[in-house]
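Open the model in your viewer and follow the selections below in order.

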Amino acid sequence: MNLERYRSFTQQLRTRLESDARVLGLVALGSMAELGRTPDAWSDHDFFVITVAGVQESFRQDLSWLPDGERIVLKVRETAHGLKVLYDDGHLLEFAIFDEAELHLARVNDYRVLLDRAHVEADLRHLRTKSATEASSFDVERAFALFLSALLVGAGRTARGEVLSGNAFIKQHALEQLLRVLTHCLPTGSESRLDNLDPFRRFERAFPEQGRTLHQALLQEPGLCAWQLLRFAEEQLAHRMERYPARAVQVLRNQLEQWAQPSC
């Protein structure tokens with residue numbers, strides 16, 4: 001979807017919701033908010049709709065309020081409040097419907113309020129502050145311990161022959177915890193490019209060298225990938241973490257080397 005069509009869809013969505021008195025607010029999120037980032041060919045529409053109490057579920061069930069409803073080819077309920085919708089041109093919507101009482105459950109960073117019939121702007125400012133506070137209180141030692149345990153479980157399952165499960169633990173669960181630790185510990189002048197809600201987003205833009213190394217590790221079979229991720233974590237974090245668990249890392253390294261038998 002080019003930028004002109006993207007913005008046209010945004011305006012159509014806003015116009016349709018403005019015409020419904022049950023709608024109190026529309027909030028654009030991520031690239032849809034266009035705060036320092038312009039939507040590109042890969043951007044979806046990511047937004048919140050805030051309604052009066054009692055009608056939010058009807059908005060989740062009946063999607064006639066969306067533009068071009070006849071072109072929808074897929075709709076799926078992702079969470080209690082959120083859905084994904086796919087159009088016939090491949091364009092994706094990711095959105096959640098809240099009433100005012102439910103909105104406090106959300107987490108946000110970049111947003112732009114497109115429709116406000118209540119105190120949506122004030123609520124979103126509070127949510128963004130709350131989300132940033134939660135992100136800043138991140139427990140580095142706990143996340144690193146979860147990284148180590150996920151590596152061990154993944155490598156063990158891979159060695160047992162459960163390669164799909166091993167892949168998931170190593171290349172998803174362990175990697176997510178490692179990225180969270182790295183974004184808190186690595187020095188960078190590009191904090192604004194990071195996403196404090198999703199450690200995978202724009203990591204390689206802020207840390208290009210580390211991103212390339214991690215990408216190469218992820219191309220390996222899961223057992224060897226686990227060993228390389230651990231070695232990379234040692235190189236990056238042993239001198240940066242205040243309470244680095246060196247003994248636990250050594251135990252895990254011995255086990256991974258035994259299972260993965262790396263040739264390098």
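Exposed here means over 50% relative accessible area, buried means under 20%, and partly exposed is in between (1.4 Å probe, protein chains only). This is a predicted model, in which local features need pLDDT of at least 70, side-chain atom pairs count only at pLDDT 80 or more, and totals for chains, interfaces and linings use all residues. Residues are numbered from 1 along each chain as its sequence is written, and side-chain values use heavy atoms, with hydrogens and water left out.

Select glutamate 242 first. At 71% relative accessibility, glutamate 242 counts as exposed. Its salt-bridge partner is arginine 243, with the closest N and O atoms 3.9 Å apart; a salt bridge is a side-chain nitrogen of Lys or Arg within 4 Å of a carboxyl oxygen of Asp or Glu. Arginine 243 is also exposed, at 55%.

Next, select arginine 71, which is partly exposed at 21%. Its side chain meets that of aspartate 68 in a salt bridge (3.3 Å, N to O) and that of aspartate 89 in another (3.1 Å, N to O). Aspartate 89 lies in the loop between strand 4 and strand 5, and arginine 71 in the loop between helix 2 (56–61) and strand 3, so this pair ties together parts 18 residues apart in sequence. Helices (H or I, at least four residues) and strands (E, at least two) are DSSP runs, numbered from the N terminus.

Finally, show the open sheet, whose six strands run in the order 3-4-5-2-1-6 with mixed pairing; two strands pair if DSSP finds at least two bridges between them. Strand 3 (72–77) and strand 6 (111–116) are the edges.
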